[in-house]
Amino acid sequence: MIDFTLTENDQKILNETRRQALICREHARHYDEHEDDFAPDELPEAKGFQNPYFMLGTQTKDDTGFPIMSMLVTAGQTWGDYTVRMHRSGAALGNAALRASGTPEQQERWKDKRLAMAITEPGCGSDSKAVQTTAVLDGDEWVLNGEKIFVTTGCKADGVVVWATIDKEAGRAGIKSFIVFKGMPGFDVTHKEKKLGIRADDTAAMVFKDCRIPRDHLLGGDETIAKKGGGGFKGVMKTFNMTRPGVAAIGLGMAQAAIDFTKGVLADEGIEIDWGSSKHSRSAIQQELIEIEADVDAAMLTVLHSVWLSGAGKPNNMEASIAKAKGGEISRTATSRCLEILGGLGITRDYLPEKWFRDTRITDIYEGTGQIQRLIIARELLEYSSAQLS
Ligand SMILES: Cc1cc2nc3c(=O)[nH]c(=O)nc-3n(C[C@H](O)[C@H](O)[C@H](O)COP(=O)(O)OP(=O)(O)OC[C@H]3O[C@@H](n4cnc5c(N)ncnc54)[C@H](O)[C@@H]3O)c2cc1C
């Protein structure tokens, strides 16, 4: 049975998320304009406020499940700001990889560490199997050599999950992931990017030069190379089935913020948006805003569907890509269309829509671009392998 009802508990958590989001907004512009500062893990106002994700732990079986609620909370937080949070958890993309592919012992050992994830290299972006960073076993240590770019949270994280090949001839099957911590010899963060949007989020470049790490830092611990299929590569790719819907939710939260801001401006001018009105009686602006909001709602439904599948233990490879493709595209087009309606007001730094417009751009790029998501969807529909359709 499909049920879209939110319980009292659900609503309480979402109201709290929104209350906090409004406070986070007050800090958003500062960290946007001071790119070299790190947004704090805890705002000065944080005392007495609970983290909405922790509040999800108080839900009963009659409330909406964690997969759905976590996406609603995610979108609710970015409705305030992409980066600034009342309380920011230490988790980053590498933590999701650890949960997806680490041994139980590794998960326990590193559960409190903030871990970034480094796949992208100067010559390897969308085609992630083209990784050139190497890992060679030398006694009881792996020796890593290579360069990584665009690593989210790379400056702030305690360590990083690094994709490297143990055998270039083996292609995808030779790619493994390794955990490297700051301070390990041969590992350096070399650069912090300056960006169009999400400026308060650090994006780093890093170098591994004869970087020695213990043998048991191989994520999952499997040193063999699978004869068929992608071996561990497939396992780590599963990380994205968990995180791609979240990326879409992040973008859609900001798109909703732009819609709500635009509605407020129109309301001040006496223009109400009434979904119940007849299409023929609406002005062009009313119709445009209703279409933008319908697109955002539809995209959010693809997000909720994909996480519901994974929460139910069902495969969601295609649905996670649908959510990311749809969510990424709609969040950037929705904010752009809102700017169109707002005119000059949309681009002044006195207000946040121009920031949401810049911040949403990334949702259609990282964790696989829109084009790459469409390739994945096509492969699933046509039952083609990545070699047959790339
Ligand atoms: C702010 C930011 C944060 C990031 N965070 C991380 C991170 O934490 N960890 C990490 O490893 N990486 C991260 N990335 C890297 C990101 O995942 C890559 O930028 C992305 O995968 C695209 O790779 P590329 O930039 O090399 O572009 P390219 O792969 O060179 O692609 C350029 C264009 O060609 C298109 N294209 C490429 N191949 C195909 C194809 N086969 N069919 C159709 N079109 C295609 C792409 O869609 C894109 O439009 C981040 C990037 C940014 C900007």
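Trainee: Among contacts between residues at least 6 apart in sequence, what share join residues at least 24 apart?
Mentor: In the protein chain, that share is 75%. Keep in mind that this is a predicted model.

Trainee: Okay. How many helices and strands does the protein chain have?
Mentor: The count is 11 helices and seven strands.

Trainee: Which strands does β7 pair with?
Mentor: One of them is β3, joined to β7 by nine bridges. Strand β6 is joined to β7 by five bridges.

Trainee: Parallel or antiparallel, for β3 and β7?
Mentor: Antiparallel. The strands β6 and β7 run antiparallel too.

Trainee: Where do I look for β6 and β7?
Mentor: Strand β6 covers residues 187-192. Strand β7 covers residues 203-214.

Trainee: And which residue in β7 is the bridge partner of Val-143?
Mentor: Arg-212. For Phe-187, the partner in β7 is Phe-208.

Trainee: Last bit, overall shape. Why call the radius of gyration compact?
Mentor: Because a compact globule of 390 residues would have a value near 21 Å, and the protein chain's 22 Å agrees. The C-alpha atoms fill a box of roughly 75 × 50 × 45 Å along the principal axes.

Trainee: What percentage of the residues is buried?
Mentor: Buried residues make up 41% of the 390.

Technical notes:
Residues numbered from 1 in each chain as written. Predicted model: local features only at pLDDT ≥ 70, side-chain atom pairs only at ≥ 80, totals over all residues. Helix = DSSP H or I, 4+ residues; strand = E, 2+ residues; numbered from the N terminus. Rg over C-alpha atoms; globule rule 2.2 N^0.38 Å. Buried ≥ 20, exposed ≤ 12 C-beta atoms within 10 Å, placed from the backbone. Contact = placed C-beta atoms within 7 Å. Pairing = 2+ DSSP bridges.
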